[in-house]
Amino acid sequence: QVQLVESGGGLVQAGGSLRLSCAASGNIISISVMGWYRQAPGKQRELVADITSGGSTSYKDAVKGRFTISRDNAKNTVYLQMDSLKPEDTAVYYCEARGVATSFHSRGDYWGQGTQVTVSS
């Protein structure tokens, strides 16, 4: 069984910074893509940023230049450095691991439980 555990959320003032971490554990051989999504109250979950095992990244336009995603493949961990935070960044942030290989024939996608990020104005 694969588990994703997020940490690093909290309350911060506008203009501040937070760093989220997500560690995947279990019988993992490799992970193709790791990403961060967020869901604000009354809104759909949206992709914030993701990163491939090779280090290629993509970002939602609204966070480009403010957020940085990185990963440590040896630790199966992904990070999201969030700078210049705005009140509209307030949401529950979820980690996703896509294409998780647990055997030669088995791959799956997994989600973390979410961590709250609140940015006050």
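The largest nonpolar core has 29 residues. By nonpolar core I mean a set of buried Ala, Val, Leu, Ile, Met, Phe, Trp, Tyr and Cys residues joined through side-chain atoms within 4.5 Å. Buried is under 20% relative accessible area, exposed is over 50%, and partly exposed is in between, with a 1.4 Å probe and protein chains only. W36, V48, F67, V78, L80, M82 and Y93 have the most contacts inside this core.

Two or more residues each come from β3 (18–25), β4 (30–39), β5 (46–52), β7 (67–72), β8 (77–82), β9 (91–101) and β11 (115–120). Strands are DSSP runs of E, at least two residues, and helices are runs of H or I, at least four, numbered from the N terminus. The largest share, 5 residues, is from β9.

A word on provenance: this is a predicted model, where local features need pLDDT of at least 70 and side-chain atom pairs count only at pLDDT 80 or more, while totals for chains, interfaces and linings use all residues. Residues are numbered from 1 along each chain as its sequence is written, and side-chain values use heavy atoms, with hydrogens and water left out.

Now take L80. Leaving aside residues up to four places away in sequence, L80 touches L18, R19, L20, W36, V48, A49, F67, T68, I69 and Y93; contact means heavy atoms within 4.5 Å.

Last, the loops. N76 lies between β7 and β8, and its phi is near 50°, positive in a residue other than glycine. S84, in the loop between β8 and β9, also has a positive phi near 50° and is not glycine. Buried or exposed: which is N76? N76 counts as buried, at 17% relative accessibility. S84 is partly exposed, at 40%.
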